[in-house]
Amino acid sequence: RQVGDRWTAWNPPVPPEGAEVYIIQSGDSLWGLAASRLGDGNLWPQIWELNSYIADAHWIYPGDPLVMPGATQNVNPSDVASQPLDDAADTLASGGDLPVDDGSDAFSDLLDGTEGGGGAWDPSFAARDSNSAPVPLGFESDIYCSGYIGADNEEFPYSVAASEYEFLTPTLDPTRDREVKGRFGSTETEKFGLNNGDIVYLSGGRSDGLSAGELLTAIDPQEIVRHPLTNNKMGRYYSYKGRIRVLSVQDDTAIGEIVRTCEPIRVGVSLRVFEPEPVPLRRRTPMRPVNMPADNEQLDDAPIIIASLDKLISFGPGYLVFVDQGESQDVLPGDVFTIYRKGRRGYPPIILGELGILSVQDDTALARILDARYSVYVGDSIVIK
C-alpha cells in the first residue's frame with residue numbers, strides 16, 4: 001500500500017521516543033545492516049526483534065523506519081508494534097485477496113473495524129500477531145540429517161576409504177603376502193556401521209586441499225526422484241549421514257573422526273566440505289482462513305510436494321518434504337507456503353495447512369510441515385503465503 005510517496009507491505013508504527021531510528025535505503029537488508037551497525041550479519045534477528053511490524057524478514061522497504069539496537073535497550077518490542085492498521089478499508093484495497101462485498105454482516109464488520117462473525121477473514125490479524133517473536137521453523141537435525149535432491153550423478157571430492165576396524169585383526173595371507181578381500185572389504189572387518197568417535201581414513205589429503213580441523217559432510221547417493229504428476233526426472237536424492245572432522249593430513253590421505261551421526265556411516269560414503277545452514281526464523285501468523293482459499297487457476301502451475309524424507313505418501317505436522325521449486329524460482333529459506341488440494345470440479349480448493357522452507361537447492365527445496373488440518377499428500381499444491 002502507498003504511504004505518502006512510497007510503497008510498503010507493512011504498517012510501520014511511530015518509533016518510540018528516544019529510540020535510535022534508521023530509515024531503510026534501497027539495497028538494504030537486515031543481514032547487511034547487522035553487519036555494518038552491529039559488526040556481525042548473524043545478529044540480524046536483534047534488529048527484527050525490535051521491529052515486529054515486519055512480518056517477513058526477507059522483505060523490507062525503502063523509507064520504512066527501523067528501530068536499531070543500542071540506544072533502544074529499554075524499548076519494549078510490543079510498543080513498537082502497537083499501532084494498528086490504518087483501517088480495514090485500506091487493507092482490503094491493498095490486499096486484493098480479501099472478501100468482496102456480498103451484503104453480509106461480516107463484510108460490514110470488516111469495514112467498521114470490528115471482527116466479523118462466522119470465521120470471516122479479519123484483516124487486522126497480522127497487526128494483532130505482529131508483536132510475536134520470530135521463531136525457528138524447524139531444528140538443526142531437520143537440515144543436517146535430511147538431505148537434498150541434486151543432479152543425477154554429482155561428483156564429490158572425497159570419500160571414506162577405510163576405518164580402523166578393518167585393520168584390528170591380521171588379514172595378510174602369509175603365502176602370498178597380500179590382504180584377503182571379501183564382500184565388505186577385509187574379511188575380518190569388525191564393524192561396518194560407524195558412529196560418533198570412530199576413526200576413519202579419507203581418500204584425499206594435503207595435495208587435495210584438506211587441512212586438519214576441517215569439517216566434512218558424509219553423503220550417500222540414493223534413488224532417483226520423479227515428479228509425481230509428470231513422471232519427469234527431478235534428480236537424485238542424496239542422504240546426509242553425519243559429519244567428520246579431519247584430525248591430521250598426509251599428502252594423499254587423511255585421518256578423521258566421526259563427530260556427528262545421523263545414521264551409521266559405512267566405508268565408501270562420499271564426503272564434501274561442511275557448509276553451515278542456520279535454521280530460518282519466521283514471525284508466525286494465523287493460517288489462511290478456510291473460507292478464503294486461492295483461486296483454482298492459481299494452482300494450475302503452482303509448485304507441489306514431490307517427495308517426503310521418509311518415503312511416505314501422506315504426512316502431518318513435523319514431517320519433512322521436498323517441493324519442486326528452489327533458488328532458481330526465488331524460493332528462500334524462511335518462506336511459508338499454504339498447502340492446497342483441488343476440490344471437486346466447480347468448487348474452490350481445500351486449504352490443508354502450511355509448510356516452511358528450511359533449505360534450498362537450484363530447483364528443489366526441503367520444507368517442514370508446520371500446520372495441517374488434514375493429511376497432506378505427495379502431489380498437493382503450495383502457494384506462497
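**Cavity**

I count one cavity of 30 Å³ or more. Here a cavity is a set of points on a 1 Å grid over the protein atoms alone where a 1.4 Å probe fits but cannot get out; its volume is the space filled by probe spheres set on the points, which are joined across faces, edges and corners. This is a predicted model, where local features need pLDDT of at least 70, side-chain atom pairs count only at pLDDT 80 or more, and totals for chains, interfaces and linings use all residues. Residues are numbered from 1 along each chain as its sequence is written, and side-chain values use heavy atoms, with hydrogens and water left out.

I get a volume of about 40 Å³ for the largest cavity. Its lining (residues with an atom within 4 Å of a point) includes G147, Y148, I149 and F322. Strand 6 (147-150) gives the largest share, three residues; strands (E, at least two residues) and helices (H or I, at least four) are DSSP runs, numbered from the N terminus.

**Helix 1**

Which residues of helix 1 are buried? I find L30, L33 and A34 buried, meaning under 20% relative accessible area with a 1.4 Å probe, protein chains only. Seen down the axis, the buried residues fall within an arc of 100°, so they line one face of helix 1; the arc is that of the directions from the helix axis to the C-beta atoms. After helix 1 comes G39, with a positive phi near 85°.

Technical notes
Buried < 20%, exposed > 50% of the residue type's maximum accessible area, 1.4 Å probe, protein only. 1 Å grid on protein atoms, 1.4 Å probe; cavity = no way out; pocket = protein on both sides within 12 Å on 5 of 7 lines; lining within 4 Å.
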